[in-house]
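Morning, everyone. Please have the sequence and the structure open while I talk.

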Amino acid sequence: MSSSPVPSRPPTLDEVAERARVSRTVASRVINNGPHVSRAKRDAVEKAIRDLGFTPNRAARALATRQAGVVVLAVSGDGPGVFADPFFGQIMMGVSTALEKTDLHLVLSLATTGHGQRRLENFLQTRGADGVMLVALRGDDPLIDIAARSGLPTVFIGLPMHGTPPFYVEADNAGGARAATEYLLRGGRRRIAMITGPDDTAVGRERRRGYTEALTLAGLRPYATEPGDFMEAGGAAAMRTLLSAHPDLDAVLAANDNMAAGALRVLRDAGRTVPGDVAVVGFDDLPIALHTDPKLTTIHQPVQALGREAARMLIELLDGAEPEPFVLPTKVVVRESA
């Protein structure tokens with residue numbers, strides 16, 4: 001009696017990489033339609049996929065390894081603030097774009113209260129998710145330890161205040177603020193104030209550093225700074241304080257577009273023309289920058305790309321690769337306010 005034939009084993013990602021003579025990371029990026037792969041390597045991987053009959057099937061892998069098929073985007077911020085800030089909407093759009101061709105589901109966790117943090121930790125500890133993305137971290141954020149204790153692959157969208165994690169996607173915050181300040185200096189502005197971000201955020205610290213560096217290189221001291229909270233009302237309050245203490249200021253760099261919009265409103269109410277009396281520059285290049293009066297000169301950072309590349313990085317980690325962290329560029333977008 002003849003035995004039944006043994007079913008052939010499906011090809012693996014490692015075998016695709018070996019046949020294409022590329023690293024496992026490169027093969028994973030091609031399969032997940034990721035960036036930073038040359039045309040030659042992409043063609044080689046695609047040929048290896050065809051030759052071996054490789055079929056990426058995340059659902060089958062998840063079933064075989066008892067994966068949940070879920071990734072978490074954990075936000076350190078209050079619910080109303082998150083949903084009112086278009087920055088987070090852009091991040092979520094980017095994450096969703098990267099996940100739409102996979103079988104992974106996205107769970108949004110607003111883990112702000114102690115109860116919310118405990119719920120998130122229980123969810124991660126019981127393997128309710130396969131990986132985590134962390135965004136909008138502040139100070140010694142408990143979300144960092146919660147993710148670490150879970151042992152799950154974790155990607156940071158923006159750096160934390162302390163330490164450098166192995167997997168992160170970041171924008172060039174210091175470089176963008178430096179470019180904004182240099183742009184104002186080239187326009188003849190010398191009394192340049194800054195509405196900074198929260199002191200307990202890395203992004204706030206880095207944007208303030210870029211402002212300070214540009215002035216120092218120009219032989220000037222920082223003229224005046226006032227902390228804000230990244231919200232429009234906070235920007236308005238900071239602008240009122242700056243105007244009261246420094247009525248002769250001739251330019252303002254706001255650490256994000258929301259605060260710049262608030263500053264513009266206060267300047268208009270105070271009878272200051274923009275950019276005639278005071279030039280204003282924001283940061284982020286969110287949709288609000290096109291709807292202010294005047295339209296906002298700002299620093300473009302690819303916000304959707306931050307979410308998209310973080311999700312792609314997490315996908316690579318789940319596929320067993322070790323992607324390199326990277327920093328996305330920023331640039332000045334000139335409109336009417338400066």
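Predicted model: local features only at pLDDT ≥ 70, side-chain atom pairs only at ≥ 80, totals over all residues.

Start with helix α8, residues 142-150. Its buried residues are L143, I146, A147 and S150. Looking down the axis of α8, these fall within an arc of 95°, so they line one face of the helix. What do they pack against? The partners are β1, α7, β3 and β4. Now the two ends. At the start of α8, a side-chain oxygen of D141 comes to within 2.9 Å of the backbone nitrogen of L143. After α8 comes G151, with a positive phi near 75°.

Next, the rings. There is one aromatic pair in the structure. The ring centres of F87 and F88 are 5.4 Å apart and the planes are at 90°, so this pair is edge-to-face. Both F87 and F88 are buried. Elsewhere, R207 sits over the face of F283, 3.7 Å from the ring centre.

Last, the charges. The whole structure has 15 salt bridges. Take R191 and D250, which meet at 3.9 Å, N to O. Each lies in a loop, R191 between α9 and β6 and D250 between α11 and β8, so the pair ties together parts 59 residues apart in sequence. R191 is partly exposed, at 34% relative accessible area. D250 is buried, at 9%.

Compare D51 and K47, with their closest N and O atoms 2.8 Å apart. Both lie in helix α3, four residues apart, about one turn.

Finally, R205 and E206 form a salt bridge. Shared partners join R178, R205, E206, R209 and E213 into one network.

Notes: Residues numbered from 1 in each chain as written. Heavy atoms only, no water. Phe/Tyr/Trp six-rings, centres within 6.5 Å; stacked < 30°, edge-to-face > 60°. Buried < 20%, exposed > 50% of the residue type's maximum accessible area, 1.4 Å probe, protein only. Lys NZ or Arg CZ within 6 Å of the ring centre and 35° of its normal. Helix = DSSP H or I, 4+ residues; strand = E, 2+ residues; numbered from the N terminus. Arc of directions from axis to C-beta. Contact = heavy atoms within 4.5 Å. Polar contact = N/O pair within 3.5 Å; in protein donor to acceptor, adjacent residues only side chain to side chain. Salt bridge = Lys/Arg side-chain N within 4 Å of Asp/Glu carboxyl O.
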